[in-house]
Amino acid sequence: MPLLIIAAGIILSVILEISSKKSVRILPWFSILIFTFTAFYSVYYIDQNFVLFGGMLEVGGKPAIFNFIFNIGAALVVLSSMDYLKKYGTSYGEYYILIQSSVLGMMVMSGAKDILMIFMGLELMSICFYVLAGINRKKLSSNEASMKYFLLGAFATGFIVYGIALIYGAAGSTSIQNLIENFGTYSSNIIFILGFMFFLIGFSFKIAAVPFHMWVPDVYQGSATTVTSLMSTTGKTAAFSVLLIVLSAVLSFNAFNVFRPYFAAIASLSMLFGSIVAISQTNLKRMLAYSSISHAGYMAIGLAAGNTFSMAGIIFYLAAYTFMNIGAFTVISIVEGENDSRTELNSFAGLSSKNPILAAAMALFMFALAGIPPLAGFFGKYYVFISAIESHMTWLAILGVLSSVISVYFYIRVVVFMYFRDAIEDFKIEVSAYSLTAVFITALLILVFGIFPDTLMNVILSAMH
Amino acid sequence: MTQNLLLTYLLLTPIIGGVLVLFFKKEQKELIRWFGIAVSLAAFVISLIIYFGFNQNNPQFQFIHQVIWIKSLNISYHVGVDGISLLLVLLTTFLTPLTLLSTWKAIEKNVKMFTFSMLFLEVGMLGVFISLDIFLFYIFWEAMLIPMYFIIGVWGGERRIYAAVKFFIFTMLGSLLMLVAIIWLAVYASDTLGYFTTNLLELYKVGPTVPHDIQGWMFGAFFLSFAIKVPLFPLHTWLPDAHVEAPTAGSVILAGVLLKMGTYGLVRFCLPLFPQSAVHFAPVISILAVIGIIYGALVSMVQTDMKKLVAYSSVSHLGFVVLGIFAMTVESVQGAVIQMINHGLSTGALFLLVGVLYERTHRRDIAFYGGIAKLVPLYSVVLMIALLSSVGLPGLNGFIGEFLILIGSFKSPVFNNWWFTIFAASGVILAAVYLLWMYQRVVFGPVTNDELKDELTDMNLREMIVIAPIFIFIVWIGIYPNTFLNLTELSTKSILQQVGSFTIDLLK
């Protein structure tokens, strides 16, 4: 059902775009309406779990909670895009249609019961993202971002397709249910393991984990800020949702040992690499790109730990991360000037006196990303660290906290610039009411999920059963 | 179990007050200041009610309030006080209104945010002292960083950014390793008890049963976090920076209360949770403490900056507290708790008094001053009392704490060795040297600097009101310490009993 709502929304939007010249004004509101409706619909019917299209797609349960994250995230991004795009000079109706389509792709990914469905959803999402990254066709950096994203994304897709082919060759089926049930027998087959590995590597690209992260900084910096905020949050969530599906397959058998070192390796590499490189960044968007790499690492701790609790932990982390990051990028998009100007740290100097509310919100997002309690980001980390220690991987948790300490430095540096320095550049910030609303909503969610993490955790746990 | 909401009210008062501050207009500085003081006074009154309702003959935690908070992890909002934490709660609520009052002139920039930060800092500090859930404790412990970070960074001196960032990262490093240990302990508890829990009272039973080698690591993680906060030599390097750069109010709270969170953590968590490791490592830690006592004193002696001198004297004084805690006798631990309060009062007073001079002249170097006794006689007397209390003159508070610690460490069954006491005692003499020498250079002699004659005025009524209550307690503890010792006696005994029941008998 939620998929149908979005699909219908896309068709309607296309018609609207063709038939009306004023569509640019209507489309964002229409998208927000559809997204919020789908989000709450998914959560409302979270316990109605059934399978559609001849065992291809699952609705309700775990996919429902992902649908909630995708749709709320997309709604917030659309809300913050409206005025930003005017400033950015790309106020096209296609933008909103592309976002809707990418969300449809994500929903297909998270609900897939068949590896081919995962692939279909992934391509739908990725192609929309390639276009969105280059939405400003007149700007070189935007084109570069799009091109880089496309080439490396296609490369990753190649891995995934090859992996699927090998899996099919070994197992004779692409049904995930079948994989789960017969994983034990397949896991002795070297071709199957190889295919599975290729599949995982392809998705490691998508979650932006080291050593498959090369595309991240340029793409995140070059794309429009709102697009980055969509890609870095819901896009990552979608990729993780697939890894979790696959993980649950592997979990049911002890054969998981084959993949555990892999996840542990990418987790530790991503955390440390992301945190250390972010220290030397002066551009905020680029800094958040590296921070996104290190967050992929923390979440991958949960994958390495691989117990049922870690799944809930990762989902919580993803939700928290989505809201924190959208909030931070929205603040950047408000401060940002024409031609990508004012995304440097220097532009944020003295923000607390220019616009106290914006500065306070940004400080909140930074502290949340740094994982300071009692904000949502802390609980995300807390849950994955618990799962790591439960799986006797205490060293991974220790590595995680060490890299958190490193990351504190660059997160609070933003606060240093906003609060402890006087303004360096002289400019006036035009605050858009829509974007500010998005900032408020994300800040509120971070506080609520931080002080009462059970509100979110209970929903996640009920979705898992 | 009956629920008692008083502690929750105590926590809520500054929270609500802090949020309300946000609704004032920025220009209403006076109003905001009065409001902040009123809120912190209200918190003080509530803590007094708790004090008078506290049963000193009951070694258990009292005023317990427990509500399930995060069901999926079995974490509850669980607060309560015993004698030790009650004393520190009183210190916190006592010092907060005084520091707010002391900032009347010093803080002009963004008073609204300052008051907000101070009130939330108070919430964090109170939360640390009353949490009976180790996870809740951790939340307050970390959350308190943010307001302190802003207080140093926004209202601090020249190198404030460096100091604020250093403070933040040092503390984070320690506390995140503690977080891993907390989780490990809770996971271990779920193996032995059958459920995941962070309830401190239940973990007291679990902690000592952890295999010794792992217990050593966990003790290390907790200890590192607390030792950074105390700060114990050689982890003290953040302290002089933070103290010197922080505004006076920040220094007072930092020295008065924040450092006590570290020593409180040692008493409340390190000792009873990991008794075997605590006893095992006690000699090593005490050596560090003694080094800290002497090193802090020697470094104080050569300081040219008054604030830095007081900051290093904190390293020395807190070395005594750590020594007292790890001597693990009833006298020494009680002495350590009293010394925590003493240090809060006398060092707090010293920072306030340095601030008084600084507000007038904007100079802190000792060489700038000289012979101010002729210009500001009242101030000179007040400074003398504060110094003597810090030196440990009999009849004032400092003597009681240091004396008890020295007696306790002398007969400590854990050390079995006099040398700790002998070396530590030399710290008392050195304290007299550096503090009195500073006093001599600043106060006595001819007036060396003509600028002083124009700028220096004696203490005004507001400043006297700030300092007077502190002096009352300085004398009170010095003359009749039983008021305070009675409060902590049974709590101390029950902690030592817990430690002793797994190791050597400490209550002979």
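Guide: First, a term: a helix here is a DSSP run of H or I with at least four residues, and helices are numbered from the N terminus. Keep in mind that this is a predicted model. Its scores are ipTM 0.84 and pTM 0.88.

Start at A:Val227. This residue sits in helix 11 of chain A, which covers residues 225–251. Now count its surroundings. There are 34 other C-beta atoms within 10 Å of A:Val227. A residue is called buried at 20 or more. A:Val227 is therefore buried. Who touches it? Setting aside neighbours within four places in sequence, A:Val227 is in contact with A:Leu132, A:Ala133 and A:Ile135. Now compare A:Ser204. A:Val227 and A:Ser204 are 23 residues apart along the chain, and their C-alpha atoms are separated by 21 Å.

Next, step back to the core. The largest nonpolar core holds 386 residues. Its residues with the most contacts inside it are A:Phe316, A:Met362, A:Met366 and B:Cys270. Helix 7 of chain B, residues 160–192, contributes the most to this core: 21 residues. Beyond four places in sequence, A:Met366 is in contact with A:Tyr411, A:Ile412, A:Val414 and A:Val415.

Stay with helix 7 of chain B for a moment. B:Ala186 lies in it. Apply the count again: B:Ala186 has 26 other C-beta atoms within 10 Å, so it is buried. Leaving out residues up to four places away in sequence, B:Ala186 touches B:Phe196, B:Thr197 and B:Thr198. B:Ala336 is another story. B:Ala186 and B:Ala336 are 150 residues apart in sequence, with 29 Å between their C-alpha atoms.

Now look at helix 14 of chain B, residues 330–361. It has 32 residues and reaches 46 Å from its first C-alpha to its last. That is close to the 46 Å expected at 1.5 Å a residue. Of the 32 residues in helix 14 of chain B, 27 are buried, so the rest of the structure largely encloses this helix. After helix 14 of chain B comes B:His362, with a positive phi near 60°.

Chain A gives 24 residues to the contact, and chain B gives 25. On the side of chain A that touches chain B, helix 17 (376–390), helix 18 (394–420) and helix 20 (454–464) of chain A each supply at least two residues. Helix 18 of chain A has the largest share of that side, 12 residues. By kind, the residues of this side of chain A are 20 nonpolar, two polar and two charged.

Last, check the confidence. Chain B has a mean pLDDT of 85, and 99% of its residues reach 70 or more. Among the elements of chain B, helix 5 (residues 134–143) has the highest mean pLDDT, 89. Helix 18 of chain B (residues 450–455) has the lowest, 74.

Conventions:
Residues numbered from 1 in each chain as written. Chains lettered and ligands numbered in written order. Predicted model: local features only at pLDDT ≥ 70, side-chain atom pairs only at ≥ 80, totals over all residues. Contact = placed C-beta atoms within 7 Å. Nonpolar A, V, L, I, M, F, W, Y, C, P; charged D, E, K, R; others polar. Expected span 1.5 Å × (residues − 1). Buried ≥ 20, exposed ≤ 12 C-beta atoms within 10 Å, placed from the backbone. Core = buried A, V, L, I, M, F, W, Y, C linked by C-beta atoms within 7 Å. pLDDT = per-residue confidence, 0-100.
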